[in-house]
Amino acid sequence: MKMSALRALCGVMLLSLAVPTSARPKAGPDQKCKSGPVDLVFLIDSSRSVRPHEFETMRKFMIDILNTLDIGPDATRVGVVQYSSQVRTEFSLKEHSDVDSMVKGINLIVPLAQGTMTGLAIKYMMNVAFSPEEGDRPKVANVAVIVTDGRPQDRVAEVAAEARDKGVEIYAVGVARADMASLRAMASPPFEDHVFLVESFDLIHQFGLQFQDKLCGVDLCLESDHGCEQVCESSPGSFHCLCLPGYTLNPDGKTCAAIDLCAEGKHDCEQICVSSPGSFSCDCNKGYELNEDKKTCSMIDHCSFGNHSCEHVCVSVLSGYHCRCSDGYRLLEDGSSCRAIDLCAEGKHDCEQICVSAPGAFTCDCRDGHTLNEDEKTCTPVDLCAEGKHDCEQICVSAPGVFTCDCNKGFKLNQDKKTCTDMDVCNTVQHGCEHQCVSTPGSFHCVCPEGQLLQDDGRSCGTCKSANIDLVFLIDGSKSVRPQNFELVKKFVNQVIDSLDVSARGTRVGLVQYSSRVRTEFPLNMYHTAEEIKAAVLKVDYMEKGTMTGLALKHMLENSFSAAEGARPNVPRIGLVFTDGRSQDDISEFAKKAKEAGVTMYAVGVGKAVEDELREIASEPVDKHFYYTADFTAISTIAENLKLNVCPEESQGEIEVKDPCACDSLVEFQQATMSSLAQFTQKLAAMTTRLEQLENQLLSRK
């Protein structure tokens, strides 16, 4: 602390003028210590051991000190903090700017009368009382006077040391029962200037009397035997010892010891540190030499002498050298020669088929007809059939890296082992066709002369033709259909429409789309030509979401086949449901009601459509009103083979009767285009054969 700071405390020591029963009268201006600004905080013990009259003596003690100070915002500032088991600021450094208001504040103090938490109080003083918020000024000396009458109930040494390190000069004044060791732990050095112990509060005024000269500017370095070994530095009323560069002050506060940077680890020598007061130099161990940076060391390189016998790498050590091999090689027993490490031969690899060795490493490869997988370890057979790398006309049979060709049922393999020839089934079987047999790949179908239709037995011919109907399509627009497949569904609808005689007095067509809800795309009475209907179908937007087939059936029965939407009396009513999945609601009630209301129901299913639901929707006989295919690409085949024929027996009014034929059912599947179905059957057979081949390959690998 600076001398100018402590000179302001010269009045603190004027307590020799105080009397035990009353505060001293205020000193005149010439009595005040005006050596410079100081921030002074009294930390007073108000524990229960301090009796009331003793606390009054301590109150007078502080007032007497105030009367000797040059109080003012730019001179000396004073704050008072009392403590016991808790700590309380009575007034801060910035609260009062004159002695009278400070005296009034001191007289208003009410003792806490609890324990003695001195360590807590010192921490509070350091962090709160001496803070800018409380009025502490930068570059102004901080002085604390601690007055206590007992032993602290908490630790004081560490927190007091922290306060001193932050620049607080601490005077510890003990009365009666105070512990000298605790006072020394709190006070700043030298202790003879900062520690005071008196027998009673009545004698506390001796604190000011004994040190008046020291606090008011006497240069103790010049006028006393300070005992400093090297350098003495004065401060107001005190002094402290310093040391020359390269030395540090010993715990006695007077003598000095050379700073050993080597012992303290404050050097950057790689091996040996040679100390001198406050400095060092570096050296090296035996077998090493100091580098140009004077810090690091380099070992003598025995390998550089050129007399070693290492095949690969020579490594110098203190005692000489030893040999080492390059990566992928192993040092032999002679300590000089190296041999490549063959991990493949040692079985230290995880290749599925072929291990290719390199010194200390390996790569994996596969046998002919196999390809290496991305893990670069396992192999997969090359399936030329699946990759389309073959020229088989019909069936490709795969083996690892090769293939052979085969033909569908009804065909035979030609000599080129690639192409197939139709075996002309009509000429090889008893086909039974009434008019004409037409061979198809692996099968046949019957056809009738112009003006006649193929009957239910698929062989005989009749003259029943298409009549007028009211047809409503219920198409599934759920999320599982997907946009590209929904386009195929619309093409399916238009293919069916191409087979109908559409007109205002002939066949009428309505379209309903459903998902989680139902939407009429157009009713029966909106369009009267096939071209208008097909154009409207192509403009239908995909709905997505769920599959509420039961709700769609209800909508069809209650709305689509109503007079308001164009349904006609005495005209056969056809409902065609197209779906690709299981319904998310019950279909039974309205499937039954629709058929009871005279609606002939067709059910067409694709993909994950449930057969039981389709059969429940379809009219009797179910086999003629129910159709299913595995994927959307085959629904065009259904459209080609689906011919809607209606008997006109009950048609009346304006409805034009196309043909007076009698039919067993209102709507039936026609058999005249069975060639497309035969092709589909052949493709299915080929797929089955391929699946069996793949299954056999998997079993052989196991």
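A salt bridge is a side-chain nitrogen of Lys or Arg within 4 Å of a carboxyl oxygen of Asp or Glu. A search of the whole structure finds 22 salt bridges by that criterion.

The model is predicted, so local features need pLDDT of at least 70 and side-chain atom pairs count only at pLDDT 80 or more, while totals for chains, interfaces and linings use all residues. Residues are numbered from 1 along each chain as its sequence is written, and side-chain values use heavy atoms, with hydrogens and water left out.

I begin with Arg137 and Asp39, whose side chains meet in a salt bridge at 2.6 Å, N to O. Arg137 lies in the loop between helix H4 (118-129) and S4, and Asp39 in strand S1 (residues 38-45), so the pair ties together parts that are 98 residues apart in sequence. Helices (H or I, at least four residues) and strands (E, at least two) are DSSP runs, numbered from the N terminus. Are these two partners buried or exposed? Buried means under 20% relative accessible area, exposed over 50%, and partly exposed in between, with a 1.4 Å probe and protein chains only. Arg137 is buried at 12%, and Asp39 is buried at 0%.

A second salt bridge joins Asp350 and Lys377, with the closest N and O atoms 2.8 Å apart. This pair links distant parts of the chain, 27 residues apart: Asp350 is in the loop between S18 and S19, and Lys377 in the loop between strand S21 (370-372) and strand S22 (379-381). Asp350 is partly exposed, at 39% relative accessible area, and Lys377 is partly exposed at 35%. Salt bridges with shared partners also join Arg330, Glu346 and Lys348 into one network.

Let us turn to the strands. S4 (residues 141-148) and S5 pair in the parallel sense over seven bridges; two strands pair if DSSP finds at least two bridges between them. Asn142 has Val168 of S5 as its bridge partner. How many residues of strand S5 (residues 168-175) are buried? Eight of its eight residues are. Val168, Ile170, Ala172 and Gly174 point one way from S5, and Glu169, Tyr171, Val173 and Val175 the other way.

Finally, strands S11 (residues 272-276) and S12 (residues 279-283) pair in the antiparallel sense over five bridges. Within this pairing, Val274 has Ser281 of S12 as its bridge partner. The hairpin has two residues between the strands, and Gly278 takes a positive phi near 75° there.
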